Amino acid sequence: MGEPHGGVSSVDPGKERSPGVMSFSCERAVKILPLGKLKINFYFYSTYAYLCLMILRQANLCDIESILAITDAARDFQRSSGFVQWEDGYPDCSIIETDIAKGTGYVLVDDKLPICYVVLAEGDSGYDSRPAIWNFDEPYGAVHRMAVAPEIRGQHITDILFPLIEKEYQNRNINVIRIDTGEHNIIMQRLMNKFGYESRGMHQFPWGQRIAYEKKLR
């Protein structure tokens, strides 16, 4: 988003994979093994018939270069898709450093390589300023700054990422998630519908005019 702290970038769920790029279309997770606070998730990719280890973990300062490459590419992708949700330079290094310091910045890692970035906050003052638009009055997670590496765009990586995000919040005993995206971000709107997030309409937030979404986890 082109906002001070929030939002979700385009993730292009339907684009065909390029030759030579590994497919990330998975059948489903076959096992989830909790190791303390670390969730290790095994996915089977039928196209390549191998077992791949992916982890959603808190980002650290060593990840910043990879994260900025991912978010820069996501910002460029918005423009190539005909809209601007994140302004030039957003998010910059200081924003990512703040995410990490707060413990809200997360990376989806494939074989130690960050391939997605997302902020998983608990509550949001911008959302709290519009209490009438939400269905559920209880603690909630706020998802912002979602972006995927350009090498895997179109590989349906969100089929892995969204369940892991929801599992992370459930592990914190949070069962409501709120998220927003821009009017012209059709890809993200489709993903919201796909993963069962209910549109709460178009609203003005401190970071701009956005479509708000909310989901109650089971």
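Predicted model: local features only at pLDDT ≥ 70, side-chain atom pairs only at ≥ 80, totals over all residues.
Residues are numbered from 1 along each chain as its sequence is written, and side-chain values use heavy atoms, with hydrogens and water left out. Local features need pLDDT of at least 70 and side-chain atom pairs count only at pLDDT 80 or more, while totals for chains, interfaces and linings use all residues.

Side chains of opposite charge can pair when their charged atoms come close. The structure has eleven salt bridges (a side-chain nitrogen of Lys or Arg within 4 Å of a carboxyl oxygen of Asp or Glu). One of them joins Glu138 to Lys216, at 2.7 Å from N to O. Glu138 sits in the loop between α3 (125–128) and β6 (141–148) and Lys216 in strand β9 (residues 208–216), so this pair ties together parts 78 residues apart in sequence. Helices (H or I, at least four residues) and strands (E, at least two) are DSSP runs, numbered from the N terminus.

Lys194 pairs with Asp159, with 2.6 Å between the closest N and O atoms. Here helix α5 (residues 186–194) supplies Lys194 and helix α4 (residues 158–171) supplies Asp159, so the bridge links parts 35 residues apart in sequence. Lys194 is partly exposed at 46% relative accessible area, whereas Asp159 is buried at 13% (buried is under 20% relative accessible area, exposed over 50%, partly exposed in between; 1.4 Å probe, protein chains only). Glu122, Glu168 and Arg172, meanwhile, form a salt-bridge network.

As for the cysteines, the disulfide count is zero, a disulfide being a pair of cysteine sulfur atoms within 2.5 Å. Cys62 is exposed at 74%, but Cys116 is buried at 1%.
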